Amino acid sequence: MNRTHLQRLEAEGIQILREVVAECERPVMLYSIGKDSAVMLHLARKAFYPSPPPFPLLHVDTTWKFRAMYEMRARMAQELGMELLVWQNPEAVAQGINPFDHGSQVHTDVWKTQGLKQALDHYRFDAAFGGARRDEEKSRAKERIFSFRTTQHRWDPKSQRPELWNLYNARKRQGESIRVFPISNWTELDVWQYIHREGIPIVPLYLAAERPVVVRNGTLLMVDDDRFRLHPGEQPMLKKVRFRTLGCYPLSGAVESEADTLPAVIQEMLLARTSERQGRMIDFDQAASMEKKKQEGYF
Amino acid sequence: MSDQDLIASDIEAYLRQHEHKTLLRFITCGSVDDGKSTLIGRLLYDAKMLFEDQLAAIEADSKKWGTQGGEIDFALLVDGLAAEREQGITIDVAYRYFSTDRRKFIVADTPGHEQYTRNMVTGASTADAAIILIDARKGVLTQTRRHSYLVSLIGIRHVVLAINKMDLVDYSQATFDAIVADYRRFAVQVGLHDVTAIPLSALQGDNMLQHSARTPWYQGPTLMGWLESVEVDSARLQRAGMRLPVQWVNRPNLDFRGFCGRLASGRITPGDRVRIQPSGRESNVARIVTADGDLPFAVAGDSITVTLTDEVDVSRGDVISSAEDPPEVADQFEATVVWMAEEPLYPGRAYLMKIGTRTVNATVTEPKYRVNVNTLEHLAAKQLALNEIGDVKLALDRQIAFDPYLSNREMGGFILIDRQTNATVGAGMLRFALRRAHNIHLQHLDVNKEARASQKGQRPCVVWFTGLSGAGKSTIANIVEKKLHAAGVHTYLLDGDNVRHGLNKDLGFTEADRVENIRRVAEVARLMVDAGLIVLTAFISPFRAERQMARGRVAEGEFIEVHVDTPLEVAEARDVKGLYKKARRGELKNFTGIDSPYEAPESPELRVNTAQSSAEEAADSVVARLRELGLIG
């Protein structure tokens with residue numbers, strides 16, 4: 001009997017989660033509330049059943065996520081009975097860092113990159129699960145499943161450990177850590193299909209609905225709360241839109257869509273002609289930017 | 001109906017169909033010159049895996065870096081990190097994803113440069129099949145032999161010989177046939193029996209998806225046709241004996257004890273009689289537990305949790321196996337090792353070995369031979385350097401359950417980990433266990449300073465504290481030893497207390513005796529460094545010549561002189577043992593600082609001043625200095 005590709009990917013993800021729990025002292029799961037996180041969390045529930053997953057969830061918050069994401073976060077924490085840690089970079093809070101005044105680059109660096117490092121140091125986590133996939137972006141195609149980081153959280157693409165068979169080397173010295181990507185080998189389609197098959201709850205923003213948006217530099221931005229700064233003459237209008245990726249709402253581009261069910265979203269995605277990350281504005285700032293962010297410690 | 005049509009007309013039907021696709025992982029072997037990147041790029045392009053923004057980016061990139069005169073350069077699709085892109089090379093293993101109407105694929109792409117062996121073995125270790133590329137103009141080259149040997153070594157059973165750039169030899173059947181005949185002779189030699197040869201032009205698309213009108217003489221499958229239909233090894237693995245390496249024991253409460261792991265081979269059903277290896281205890285499978293309800297059975301590749309009918313002792317690293325056909329248990333092996341680190345494999349050194357879910361200490365003997373990967377010759381070898389492959393004997397510190405790699409990858413493949421850097425330094429494949437008669441005679445091993453130190457996972461050295469009586473040498477050395485001990489370092493502290501009463505009790509305090517005292521301490525310290533220890537010595541050792549002698553007894557970099565630089569007034573004021581008073585009264589002769597000189601070190605590795613800092617702070621600075629010098633982790 002042949003296992004399907006989703007069954008093989010699921011089994012691999014579960015094996016990775018268990019291996020980290022068996023070999024590391026203080027693992028944590030980075031929970032971004034998006035669809036990849038949702039899949040990772042679902043795998044964790046399966047991997048350790050009937051025990052709850054033996055690690056907390058960590059949300060590195062920017063205070064600028066969509067309201068629907070905060071609602072989902074509260075719901076999941078309650079349903080799973082897992083500890084949910086929320087970290088907001090205190091310096092970013094004090095300085096009021098936001099995407100309007102500081103731009104996407106500074107905003108993302110201070111809240112997310114610096115915030116993540118602070119949180120990992122603060123709780124002394126030695127392994128952090130992330131929902132990154134190799135098909136998302138070219139520089140990720142070479143990322144290991146167990147990605148080793150220095151005591152300064154730096155990623156050195158030249159000194160990553162070779163990964164053979166299903167044998168993962170999780171050994172590290174005091175202060176060093178690893179980022180672990182259990183769904184490395186999944187594609188966007190795999191993620192959607194698995195969510196569909198397993199009935200995994202996702203933030204409703206992934207499905208098309210009438211939402212107040214403005215068009216800025218050719219990107220549709222949702223006016224999710226009254227912190228959104230409208231330019232003179234800008235007037236939010238209702239459009240039927242959905243999001244392909246979720247992040248900070250002023251930095252997430254929506255697409256106009258009629259797809260208000262999961263199969264319809266998958267259909268649109270398969271027939272679409274632009275790739276997933278295009279809606280995510282942080283990648284546009286500079287060439288090979290994701291690789292640079294990784295070296296600085298973002299994911 | 002094609003995928004695209006079905007997606008548009010009936011997405012639910014498409015999803016049901018797609019859900020039943022199987023997965024094939026394959027590796028492509030060849031260099032950029034053979035058109036490897038072009039071939040992968042073409043597969044992605046033809047599978048419609050490219051979006052408009054990616055295509056736009058590739059078109060822009062093609063103009064900037066491309067080699068196809070402004071045409072789309074498929075090779076750029078499979079390019080990765082910025083640094084590599086600028087150098088025009090790839091340096092690692094990259095994974096690509098695409099799917100067709102029938103299958104989902106994961107491609108491991110490895111470069112054809114110096115690190116080739118390491119990268120290719122890594123990429124091949126998870127592959128079900130391999131594509132070996134040949135440039136039709138060049139035929140079978142040295143690198144073709146190397147690729148084929150590595151594919152065979154890693155146990156890939158299904159191979160395509162992709163004879164590319166047929167457009168540049170006018171699609172000549174004679175050229176194709178000659179290359180195939182040449183290759184087959186070699187393939188049999190390395191043990192590759194299932195090889196399908198396909199004439200291709202990745203650039204032009206010939207025989208990629210559709211049979212090319214330009215090769216009417218070729219009747220075999222297209223490349224995509226072959227990829228979509230080649231058998232994955234799951235059937236073979238499911239027929240093999242059941243093996244469940246235990247990853248984690250799930251104990252939510254006293255009533256539940258589940259053993260979690262990924263089934264390496266075979267099939268498991270509740271009621272099966274199982275044997276736990278290496279302990280040999282037996283029990284029966286009670287349940288296969290999942291979040292979606294119990295399973296009636298599970299097969300190789302599944303991640304599962306099982307419970308047993310008896311309270312047997314099972315922990316991580318054990319293998320639950322079929323009772324009729326359990327794996328062998330042994331602690332000495334012959335194995336093939338691929339070396340992956342800059343620092344060579346040294347015989348006699350202890351490494352960590354991870355096999356399945358078990359990590360043990362392993363000592364490697366001198367290689368029996370190393371393989372010239374280009375000619376397959378066996379060469380004599382004292383060690384294995386980066387990218388070298390050789391046969392070695394392994395001695396483990398305990399028994400493990402295993403199967404030979406060729407019959408079961410998961411049960412016979414292992415990695416070697418450096419105990420100090422934690423880097424993965426080698427990959428290996430167990431061939432067979434050594435019987436008693438073939439046991440490794442460890443006395444034949446070169447057990448030297450390096451081997452002893454390596455077993456302790458540290459770099460040995462002497463930390464030589466010198467200074468006036470009452471300066472604080474012993475106090476600081478004691479604190480340093482405690483700190484090192486707490487950090488897992490193997491140490492020994494030599495001071496007046498444990499030397500003067502035994503080894504040196506025949507010595508007095510004349511100048512000659514003091515010289516002899518230090519000579520003996522230096523010799524003992526040398527022996528202890530040879531034993532792999534970090535030795536701390538706390539003696540006044542007032543004379544430069546003696547300290548120089550002690551330094552000369554060990555290798556360069558192994559002598560760390562610490563001057564405990566406490567002014568005479570301070571030391572004398574402390575006078576813990578009342579010695580200064582005695583000396584001042586003339587009751588003690590030759591007392592350093594009073595009537596015998598102290599020759600302060602000119603350039604010690606470290607100077608600490610206990611008048612200005614506490615003993616604790618001084619000890620911290622010693623530990624910090626040792627870390628700085630790379631002597632401790």
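Two residues are in contact here if their C-beta atoms, placed from the backbone, lie within 7 Å. This is a predicted model, where local features need pLDDT of at least 70 and side-chain atom pairs count only at pLDDT 80 or more, while totals for chains, interfaces and linings use all residues. Residues are numbered from 1 along each chain as its sequence is written, and chains are lettered from A and ligands numbered from 1 in the order in which they are written.

**View 1. Helices α1 and α2 of chain A cross at roughly 70°.** Helices (H or I, at least four residues) and strands (E, at least two) are DSSP runs, numbered from the N terminus. Here we have α1(A), residues 5–23, and α2(A), residues 35–48, with axes that come within 9 Å. Those axes are lines fitted to C-alpha atoms, for helices over the stretch in contact, with angles running from 0 to 180 degrees between N-to-C directions. The pair therefore counts as roughly perpendicular (65 to 115 degrees; under 35 is roughly parallel, over 145 roughly antiparallel, and the rest oblique). On the α1(A) side, look for A:Glu10, A:Gly13, A:Ile14, A:Leu17 and A:Arg18; they meet A:Leu43, A:Ala44, A:Lys46 and A:Ala47 of α2(A). Sorted by class, this contact has 5 nonpolar, 1 polar and 3 charged residues (nonpolar: Ala, Val, Leu, Ile, Met, Phe, Trp, Tyr, Cys and Pro; charged: Asp, Glu, Lys and Arg; polar: the others, Gly among them).

**View 2. The largest nonpolar core holds 189 residues.** A nonpolar core is a set of buried Ala, Val, Leu, Ile, Met, Phe, Trp, Tyr and Cys residues joined through C-beta atoms within 7 Å. Buried means 20 or more other C-beta atoms within 10 Å of a residue's own, exposed means 12 or fewer, and partly exposed is in between, with C-beta atoms placed from the backbone. Touching the most other members are A:Met29, B:Ala130, B:Ile132, B:Ala162 and B:Ile163. Setting aside neighbours within four places in sequence, B:Ile163 has contacts that include B:Ile134, B:Phe176, B:Ala197 and B:Leu200. A second, separate core of 42 residues includes B:Ala522, B:Ile534, B:Phe539 and B:Ala550.

**View 3. Two cis peptide bonds, one ending at A:Pro50 and one at B:Pro278.** From A:Tyr49 to A:Pro50, omega is near 5°; A:Pro50 sits in the loop between α2 and β2 (57–61) of chain A. Between B:Gln277 and B:Pro278, omega is about 10°, and B:Pro278 belongs to the loop from β11 (273–277) to β12 (281–289) of chain B.

**View 4. Positive phi turns up at B:Asn422 and at B:Asp575.** B:Asn422, not a glycine, has phi near 65° and lies in the loop between β22 (413–417) and β23 (424–433) of chain B. It is partly exposed, with 18 other C-beta atoms within 10 Å. B:Asp575, another residue other than glycine, has phi near 35° and is found between α17 (568–574) and α18 (579–584) of chain B, in the loop. With 15 C-beta neighbours inside 10 Å, B:Asp575 is also partly exposed.
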